[in-house]
Amino acid sequence: MTWLADTAFEESERFVGRTSELQQFQAWLHDSHPLTQLWDVHGIAGMGKSTLLWQWMSHARRQQVPSVWMDGRSCPKQPVQFLDHLFDITENVLPISSRKKISWPERFLWVIDNFDDLESLEAWLREDLIARLPEQGGLLVFASRRGLSAHWHVHPIWASRMRKLPLKPWTLYEARTYFHRLGLKMTEELQQVLRPLHGHPLSMAVAGEYFTRRGTVMNKRDYSFLETITAELLREVTDSQLHPFLDVLTVLPSANQDMITAIAEPLVISTQQYRDLSRLSFVRLVPSGLALHDVVRSQLLASMQEHHPMTLKQLRLKALDYLGTLYRQSQSGSEKNHLGYLLLEITAQSLPISSPYANIAAIDEIVRENQLKEGDLECLHAMIEHWGRQSLDMPSLAVAHAFLDDIARNIDDGIRIFRAPSGEPVAFFASLPLYRGICAVLKPLRGAGFAEAHKEFPPSMDGGMRVFGTRSPTGSRFDPTRGPPCRDPRNPQNHKKNGPSSGKIEVLTTIFRKELSRMAIIPQLSLFSWQDLEELGDLERLVLVLETVPDEALMAHLEAARGHGRNTYPVRAMWNSVLAGVVFQHPSIESLRRELARNAQLRMLCGFRTAAVPPASAYTRFLHRLMAEQDTVDGMFEQLVDDLAAVLPDFGQRLAMDSKGISSRAVRPAKNPTADGRRDVDADFGRKEYRGVHEDGTPWTKVVKWFGYKLHLVVDSTYELPVAWEVTKASVSDVTRAMPLLDHLHHRHGVLLSRAVLLTADRGYDDTKLIAACWDTYQIKPVIDIRNMWRDPDATRVLPGHSTVTYNYRGDVFCQDPVTGQVHTMSNGGFEVRRQRLKKRCPARFAGVSCRGQDTCPVVQGLRIPLQTDRRIFTPMDRASYQWKREYAHRTAVERVNSRLDVSFGLELHTIRGLKKMQLRCGLALIVMLAMALGRIRQRQPERMRRLVG
């Protein structure tokens, strides 16, 4: 019997073009000894990536080539769950799991569609795949919209095995061929109609479907109708009897026949109707059933939200109930992963893009309180009657009033009130924690889209999430407009991913937006032309940093310290402008002030209500207050490290350590050692020596001296982001600060340090105690360059217990031919963790070296060298191995971070004197660096995480 899902990979008679891509695939199929390689297929939505992959799958199956298909959208986003899912679908096909005893086939195809959705796993896959795949016979095809990141193209292994395949629009010949197969002749009139579509395959296919059913070409007044491919056009190309089933596919990312029937009840989709749906050009056959193309689905979803919102809500509720039942009954890990993806996708799409905030900028002074006063509740109910907007969809005003009363009665500090100077409430913000005991308060809202999933709530308030809404009155002084930029809840990066395999799908808790309690938000300030900040240009980078930096605790402390004092230049505005100085690379406060004076949009974004720019004295006082709060500033850096570790599963696996000299504005020690805020009494002289050998063999030495400070850094060498730092005087030795930095990571970021596998550093950190502690204390393999500390004239020493084996200071081990006396370098056999020994193998047996005395050699079976022989020379990663050299090359990541700090963050040209000022400036630069990276990841732009400019 042939199953319908198997037809997903059958060739389509309507497939046209892609001749070059098909020829390359055929060449791979007929290559007698193909190397394992990676093909990067990319193109915009609707360009035919999935269709091309299906054709390749069809060709591979006809040649009996084992093939695996994966969809990135339904794959788990954590490494362990992803591997479980991979093992499930490759069972009895590929021996990826070490539990399977089958051998690798001579040739295999592994396809991952929608690879964009696996961005959080990209770095882990890049390294993990190397250890799991054979050198020959494999073809990996990753399809995405933007293509693979540059890391793949510079990787020492993947770079030579990659092939980029960007998909281009159809040519006129290909379009003519397609319409000929539809039975339509490419007339001049048809060419005019299709010209605005620019050869976009999906657009062409939908237009061809429409013309085929209509039997005629549309006239000119319909050209824009075709160009936008609206939802009405998509409905017209289908039979009216299929519309309810098309609605189900709009709600679900993918569905099989049983799912469609269950959700469309009382209607039943017949096998013929299911086949009719599968034949539509914008419906894809996928292993899990049918799926609308992404572009088409977004159009239909927007149409349903605008014209049929109740139908959409009912379908979503039925889908949640049905899928939830399947999820609880399922016993398969891969099936639960897919069902969990569907549940989360439906719930996430139910969330609003943003919640409107009250525009209260017309009031000079706003007071925020968490205490209700007598008469306040009546005012809040009046606001709901006049105008009210909620993050939650209330069934009626009566429910909204009851919900507000329940929060006021049951939840302490559940309502935050904004008051005018007169004390009158002008807006409010209501919130409540989600836990099991709160279910009674939520009962009236079950008709607004809540599933019956209260058992999945945390048992107490401590583990609860927060659901919140906003209200605002209407009137001449207030305007309900959109407030500060906030996270898009439909972005999967903004939700915790516990993974379906954890045994729970937090369906209900993902309905609610997480409270942005750590962000220093400036209320919307103006009704002028830039009130929504839509055209920000370079300011978009500052918005990204302001949204991401967890500075609310610092702001609250500084505002409390100011108390009821003069607030001409608000604390939050001053802080935001200081961050702007870092983001926009201003070398001094005066440079920043000049920028604020000429850039009104920047002033408004920072939070200054007037055109007046704070004087230099105001910044001096504010910076002194920040220096007094250095611990709080350091805490912001630590929080950002934790946030990055939460969204990047492999963050911290590869660490690199180095220091950089930072010159003080002063050029020599002050004659007067008394600090006055201007002279530098903390700095001293630093010196670094660099040695090497020219090509002709002559040695060279370079000495660098400076007066100032030294920044000690530990960075993640994969993402090139800092994880720990310290500023000292320039004379402090690098190696003396290495263990304190690792100890700090252990106590503050224990989870991150537990991920660490390697620590790379240059020979300035060559120290026996450090090398031993890395492995003995933290189980981190040190990859640290070594200095030649031997003073004897011999280049080698005899290995204890082996008279015919010698070694040099770089860890190379040599054996001697017992007959000829010739010396050979022994092969590397890896590291035995249990025995704490390095294995060395006979070069004659494992490297093909000619050895006449092999039969009588005492080390023909190899040998094991204890690390205790010399902890500097013999390390858990063999210094003589190729792997050590590859890993040491990652050390340059810290050099690139140093370069960015110099060039992009202004530490090369500055006006700083004093250790406290330097600590604050370095801390701000590193905070902005991490905030920019975290913000880009949340925006699903990880390829831009290290870019400060652009």
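Over the ring of which residue does the charged end of Arg107 sit? The charged end of Arg107 sits over the ring of Trp28, 5.5 Å from its centre. The model is predicted: local features need pLDDT of at least 70, side-chain atom pairs count only at pLDDT 80 or more, and totals for chains, interfaces and linings use all residues. Residues are numbered from 1 along each chain as its sequence is written, and side-chain values use heavy atoms, with hydrogens and water left out.

**View A. Arg107 over Trp28, and the aromatic cluster that includes Trp28.** A charge sits over a ring if NZ of Lys or CZ of Arg is within 6 Å of the ring centre and within 35 degrees of the ring normal. Trp28 belongs to one aromatic cluster with Phe25, Trp39 and Trp56. Rings of Phe, Tyr and Trp (its six-membered ring) pair if their centres lie within 6.5 Å; planes under 30 degrees apart count as stacked, over 60 as edge-to-face and the rest as tilted.

**View B. Arg797 over the face of Trp790.** Here the distance to the ring centre is 4.1 Å.

**View C. The edge-to-face pair Phe142 and Trp152.** By the pairing rule the count comes to 19 aromatic pairs. Among them, Phe142 and Trp152 are 5.9 Å apart centre to centre, with 80° between the planes. Phe142 lies in strand β4 (residues 138–144) and Trp152 in helix α5 (residues 150–154), so the pair ties together parts that are ten residues apart in sequence. Helices (H or I, at least four residues) and strands (E, at least two) are DSSP runs, numbered from the N terminus. Phe142 is buried, at a relative accessible area of 0%, and Trp152 is buried, also at 0%. Buried means under 20% relative accessible area, exposed over 50%, and partly exposed in between (1.4 Å probe, protein chains only).

**View D. The stacked pair Trp884 and Tyr888.** The ring centres are 5.2 Å apart, with 5° between the planes. Both residues lie in helix α31 (residues 882–888), four residues apart, and are therefore separated by about one helical turn. Trp884 is buried at 5% relative accessibility, and Tyr888 is buried at 19%.

**View E. Helix α15 (residues 309–329) and its buried face.** Its buried residues include Leu312, Leu315, Arg316, Ala319 and Leu320.

Conventions:
Expected span 1.5 Å × (residues − 1). Arc of directions from axis to C-beta.
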